[in-house]
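Please look over the sequence and the structure first.

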Amino acid sequence: MRPHAGAPLSRRRFLALSAAGAATGAAALNGCALQVSTGVSGPGETVTVMAKPDDISPELVQQAQKDLGLKIVTVRYDLTKLIGMMTNGNPPDLVRGVGATDAPYFAAREVMEDLDPYFARSTVLRLDDLDPVNDLWRYDGRTQGKGPRYGMAKDFSQDSMFWYNTALFDKVGVDHPPELEPVTFEEWLETAKRLTQRKNGQTTVFGGSYNGVNTTNLLASLTAAAGGSLFSDDFSRIDFTTPEARKALGWYIDYGRTKVGPSIIQPDPNAWDGPTYQANRMAMSGSGYWLGGLINADKKLAPVSRLAPAPVFQGGPRVSPCQAGTGFWMPSKGRNKDAAWRVFEWFFGEAPAKARASGGWGIPTLKSLRPLMPAQEIYQKRELEVQNAELKHFSVIAFTPYATADSLYALFNQFAPAAMNGQMPVDTLAGRLNSVMNEQLKRGKEQVG
C-alpha cells in the first residue's frame, strides 16, 4: 500500500534507497522541488528544486517568477540529502531523474506520485501529444513502459544513433555510412579501426566512441539489438551468457580491446565526446541527435557532420532506444503537489520547452513542438530527415527496478578492464558479472518486497 502524503519514509524503503546510495557513491538522478499549482496556487509561493546546475538556470528561475508568480529555490542534487529529506517527511516537490533507469527503481519503492490524474485534466500536457519516449516514465509494478505515468522527459535522443565527420572519413578514404539504412555493429567497429589514427603509441584521432549514456543500459540496448533481453522476465536476474547478451558483451569488450575509442581502459581526457569531436579528434560519436546542439553551433564542423541510424546486429531486429529520457518526477509525500504540477506543466509544455526544442539539444517530448526543431540550414534539414525516419524504430527497453544503473556499472568496471586488456576471456567475464550483479539484484528485490 502506498503511504499517505507527508508520512515518514518507511525503514524498508529507506534501506532500499540508502543501499543504492552506498553502492553507487553518487546519485543517478537529481531532485527538483518546485511549488506551483494547477490554477490553485497563490502568488509568492516557493518551490524547492533539487537539480543539477544545468537543469534550471538562474535565468529560468527568474522566468518562472515572472511567468508563474512563483519562487523556485534550487538545491544541488545529492542522494544522501534527498533520502534525508524524504525520511524526514519533507521531500522536494519535484525530483530530477533519468527515465530509462530511475523510473522503475523509484516507482517500485513507492516514493513516486502517480501523475495520471494530473495529465488527465491538463490542457498543457495532453496525452495524445506525448511522444512515446515518455513511456520510459511508466511502470505497472512489473514492467517499465506500461501502467501509470510517474514523470516526463524534458527532451530526448535515440542514443544508439551516431554522428560522423565526413572530412575525417575522406582523409583516410573510407566510404560514408548510408544515410537512412543502418550499418551493422560489426561494420561500425571495422570502420572505427580504419579511422583511428595513432602516433608514437598515442591515439591522436579516435575512430569512434560508443559508450552510451550508462554502460549497463547500453548493454541492455545492445542485447535487445541482438534479439534478446539482458534481464529475466521478472527483472530479478541478469544473464550475460545467453547468445544475445553474450554477443552484446563480446562486441563491447572488442570495442574496448581494440582501443578505437574512449573506454574504461582508455579514458577521454575531456570526459565526454563533445569537445573531442569538435576538435576533429573523433570520427564517430554514438551520442544521438542531442549532440547536434553543439555541432550545429560550430559553422565549420556542422557542414561536414552527419547523423546516422542506430547500427544493428546481423540478423537482429532494428531497435533505436533512448537510454536517458531525463526529466522530473513528483515525490508521493510532497506537500505542494498542485504547485509542483503547475511548474511541471510550465517546464515541459510552455516557454522552457519551446526554447529547448528550438535549440537542437534534443527532440521535444511533445509532438506539437517538433516544428520548432532547427531546420534552417541544409545540414539541419539533412539531420532532421534522418532523425524523423529513425523515430519509427523507437521502443522502450525495460530496465530492472531492483538496482540502479550506476551500481551495476560500478560492478562492471571491477571486471571488464581485465577482459578488455586480454587478461580474461569474455565467457569468464560473463559468469563473474552474473554472479556479482545477481547478488545485487537479489538484495534489491528483498528490499522492495
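## Ground rules

A residue is called buried when its relative accessible area is under 20%, exposed when it is over 50%, and partly exposed in between, with a 1.4 Å probe and protein chains only. Helices (H or I, at least four residues) and strands (E, at least two) are DSSP runs, numbered from the N terminus.

This is a predicted model, in which local features need pLDDT of at least 70, side-chain atom pairs count only at pLDDT 80 or more, and totals for chains, interfaces and linings use all residues. Residues are numbered from 1 along each chain as its sequence is written, and side-chain values use heavy atoms, with hydrogens and water left out.

## The sheet

Strands of a sheet pair through backbone hydrogen bonds, either parallel or antiparallel. Here, two strands count as paired if DSSP finds at least two bridges between them. Five strands build an open, mixed sheet in the order β2-β1-β3-β13-β6. Its edges are β2 (71-76) and β6 (151-153), each pairing on one side only. On average, neighbouring strands are turned by 25° against each other, direction ignored. Such angles come from axes, which are lines fitted to C-alpha atoms (for helices over the stretch in contact); angles between N-to-C directions run from 0 to 180 degrees.

How do β1 and β3 pair? Strand β1 (residues 46-51) and strand β3 (residues 94-98) are parallel, with two bridges. Val49 has Leu94 of β3 as its bridge partner. Helix α4 (residues 99-108) packs on the sheet and touches β3 and β13 (326-329). The direction of α4 makes about 120° with that of β3. Contact here means heavy atoms within 4.5 Å.

## Strands β3 and β13

Five of the five residues of β3 are buried. Leu94, Arg96 and Val98 point one way, while Val95 and Gly97 point the other. In β13, Thr326 and Phe328 point one way and Gly327 and Trp329 the other. These β13 residues are all buried too.

β3 and β13 run antiparallel, joined by four bridges. Val98 is partnered by Thr326 of β13, and Arg96 stands opposite Phe328. β6 is also antiparallel to β13, over three bridges. There, Met152 has Phe328 as its bridge partner.

## Helix α13

Which residues of α13 are buried? In this helix (residues 351-359), they are Pro352, Ala353, Arg356 and Ala357. Seen down the axis, the buried residues fall within an arc of 135°, so they line one face of α13. The arc is taken from the directions from the helix axis to the C-beta atoms.

Their cover includes α2 (58-68), β7 (155-156), α12 (337-349) and β14 (363-364). Just after α13, Gly360 takes a positive phi of about 80°.

## Pocket and cavities

A cavity is a set of points where a 1.4 Å probe fits but cannot get out; a pocket is an open set with protein on both sides within 12 Å along at least five of seven lines; lining residues have an atom within 4 Å of a point. Grid points are joined across faces, edges and corners, and a volume is the space filled by probe spheres set on the points.

The largest pocket holds about 1,700 Å³. It has 50 lining residues, and the closest to its centre are Lys52, Gly212, Val213, Trp272 and Trp290. α13 gives the most to this lining, with four residues.

There are three cavities of 30 Å³ or more.

Methods:
1 Å grid on protein atoms, 1.4 Å probe; cavity = no way out; pocket = protein on both sides within 12 Å on 5 of 7 lines; lining within 4 Å.
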